[in-house]
Amino acid sequence: MTRLAAGAFVVQMIWAYFDVHAPNGIWPHIFPAGAGFGGHGGEVPLLWFAIAGIIGVLGARKYSLERKLLGRELL
């Protein structure tokens, strides 16, 4: 079920990026000049998007509770 949860998290991060950060410009992950960390860039949702995407592709592997309890991953 790790891949399913990671997929849901990827969708959530896409929503967060475009709902919150996109109104700041076409490339909201780049800080505006002089604003520093107060510029509300979208790099954090991009980071979590990438992490969840990698986990979604690879799965939990040896750290999976499904693998420990059932001997295999369900999805």
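Predicted model: local features only at pLDDT ≥ 70, side-chain atom pairs only at ≥ 80, totals over all residues.

User: Thanks! How many aromatic pairs are there?

Analyst: The count is two. In one of them, the ring centres of phenylalanine 9 and tryptophan 48 are 6.3 Å apart and the planes are at 85°, so this pair is edge-to-face.

User: Which parts does that pair tie together?

Analyst: Phenylalanine 9 sits in helix H1 (residues 2-21) and tryptophan 48 in helix H2, so the contact links parts that are 39 residues apart in sequence. Tryptophan 48 is partly exposed, because its relative accessible area is 41%.

User: And how far apart are the ring centres of tyrosine 17 and phenylalanine 18?

Analyst: Those centres are 5.1 Å apart, with the planes at 90°, so that pair is edge-to-face.

User: Are tyrosine 17 and phenylalanine 18 buried or exposed?

Analyst: Tyrosine 17 is buried, since its relative accessible area is 9% and the cut-off for buried is under 20%. Phenylalanine 18 is exposed, with a relative accessibility of 53%.

User: Nice. Switching topic: how many residues does H2 have?

Analyst: Helix H2 has 16 residues, 43-58. From first C-alpha to last, H2 reaches 23 Å, close to the expected 22 Å.

User: What comes just after H2?

Analyst: Glycine 59 does, and its phi is positive, about 80°.

User: What about the phi of arginine 61?

Analyst: Arginine 61 also takes a positive phi, about 50°, although it is not a glycine. Arginine 61 belongs to the loop between H2 and H3. At 49% relative accessibility, arginine 61 counts as partly exposed, because exposed needs over 50%.

User: Good to know. Last topic, the surface: which residues form the nonpolar patch?

Analyst: The patch is made of Met1, Leu4, Leu65, Leu69, Leu70 and Leu74. Together they have about 660 Å² of accessible area.

User: Which helix gives the largest share of the patch?

Analyst: That is helix H3 (residues 65-70), which contributes three residues. Leucine 69 lies in H3, and leucine 69 is exposed, with a relative accessible area of 70%.

User: Great, thanks for the tour!

Note on methods: Residues numbered from 1 in each chain as written. Heavy atoms only, no water. Patch = residues over 30% accessible without salt bridge, like charges linked within 9 Å, V, L, I, M, F, W, Y side chains within 5 Å. Areas by Shrake-Rupley, 256 points an atom, 1.4 Å probe, with all protein chains shown as cover. Salt bridge = Lys/Arg side-chain N within 4 Å of Asp/Glu carboxyl O. Helix = DSSP H or I, 4+ residues; strand = E, 2+ residues; numbered from the N terminus. Buried < 20%, exposed > 50% of the residue type's maximum accessible area, 1.4 Å probe, protein only. Expected span 1.5 Å × (residues − 1). Phe/Tyr/Trp six-rings, centres within 6.5 Å; stacked < 30°, edge-to-face > 60°.
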